[in-house]
Every structure is written in C-alpha cells, then in structure tokens.
Amino acid sequence: MKKMFFALIFCVNITAFSLFAFEAEDLTKYPSAVPANSFAVNIGIGLNYPKDGNLIVPPLSASVDYNLPIGGLPFFLGGIVGFYSSGEDNSLLGAKYEYTYSNLDLGFRIGYHFNWDVDGLDTYAVGTFGYQAEWLEWKSGGLSGDDSDGSLLFGAAVGARWFFTPVIGVFMELGYSALSFASTGLSIHF
C-alpha cells in the first residue's frame, strides 16, 4: 500500500510539473507531426480481448483521422473499424459442442490533439460512437445454429503516435475504441 501511495504521489508531481511547462497557446496548435488538414491512419492489434474462449482472430483495427480545425482548435474527425473472433471446442456431460463468436465494430471518431512541442510526437484524446455487431455460430449433438445481435458502440481513449520518419510511425491507444482496451500498431501520416 505504501508503494502504491508513493507511485501515486510521483505521478501527480510529474503531471503538475508538465502542466506548469504547458503554455495556453499550445492548446490551439497542432503538433508538428500532424499539421491541420492532413490524414493519419492507424492499423493495429489489440493487446487484450473481452470475450471467453480461444482466440481465433485477435482484435484488429484500422482508423483514419482527418485533422480539421474547429473553432481554431486542433480537432480531428475520423472513422474506425475493428474485428475479432474467438471460439471453443469442448465436451460437456458427454456431448461435444463448438462455438465461434465474432464481433465487428464500425464507428465515428472525434478527437483533440495535445501539443507538447516534441518533434514526431502526437498525443490525443478520442471519443468513439458507432455500432457493434456480434454473431455466434454453434454446433452441438448434430444441431447447429447462429445468433446475431447488435448494440451501440461508445468508447473513449487516450493515444500517442510517434513518427520516426515524416510519414511512418507507431501508435498506442489506451481505453476502449474498438474491441480492445489497449491497442498498438503502425501509423501512417499524409
């Protein structure tokens, strides 16, 4: 408990020092890595997945963001698509059953860039709104069937992109955007 307390104090101090170094005009500028009226594409893999069973296809996602100043502030608008599948083959009370669960997310993203004046670095917060389609295929004792369902998709995440060339970089997002609570991958800027 004592270690956790000191870790929390350390994080609060780092955040406070960062805020004192932050200038108000930085809130109105895009980071140099992703200027206004440009695109960024993220292609990634989720580091976890929220359903049971054996992983068949890991959480894969692709997003496209367009940097569009709104009211002079560094916003971006975009879309995201994500897919994953899991399943299981098992026996229960002598009966064999198998199922495959799949999920497809389609969403709209709106986000805000934070400018820390670090070359190649883009940090942002993003909200996701869309539709989540789910379907289940099963077989048991000579019978089979499928079921599908859908729901609204809501998510929020913080992310960072590091461009090691003017066009190619890597990204990481923490929070729920599409199918995963943490994702990482390749980022392309044009």
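Predicted model: local features only at pLDDT ≥ 70, side-chain atom pairs only at ≥ 80, totals over all residues.
Trainee: Which residue in β3 is the bridge partner of L60?
Mentor: That partner is F83.

Trainee: And what about β3 and β4, how many bridges there?
Mentor: Strand β4 spans residues 95-114, and its antiparallel pairing with β3 extends over 18 bridges; within that pairing, D89 has E98 in β4 as its bridge partner.

Trainee: How many residues sit between β3 and β4 in the hairpin?
Mentor: Two residues lie between them, and L93, which is in the turn, has a positive phi of about 55°.

Trainee: Switching to G142, where does that one lie?
Mentor: G142 is found in the loop between β5 (121-140) and β6 (143-163).

Trainee: Buried or exposed, and why is G142 put in that class?
Mentor: G142 counts as exposed because its relative accessibility is 82%, and the cut-off for exposed is over 50%.

Trainee: How many Å is G142 from K96 in space?
Mentor: The C-alpha to C-alpha distance between G142 and K96 is 9.3 Å, although they are 46 residues apart in sequence.

Trainee: New topic: which residues form the nonpolar patch on the surface?
Mentor: The patch is formed by I43, W116, V118, W162, F164, V167, I168, V170 and L186, which together have about 790 Å² of accessible area.

Terms used:
Residues numbered from 1 in each chain as written. Heavy atoms only, no water. Patch = residues over 30% accessible without salt bridge, like charges linked within 9 Å, V, L, I, M, F, W, Y side chains within 5 Å. Areas by Shrake-Rupley, 256 points an atom, 1.4 Å probe, with all protein chains shown as cover. Salt bridge = Lys/Arg side-chain N within 4 Å of Asp/Glu carboxyl O. Pairing = 2+ DSSP bridges. Helix = DSSP H or I, 4+ residues; strand = E, 2+ residues; numbered from the N terminus. Buried < 20%, exposed > 50% of the residue type's maximum accessible area, 1.4 Å probe, protein only.
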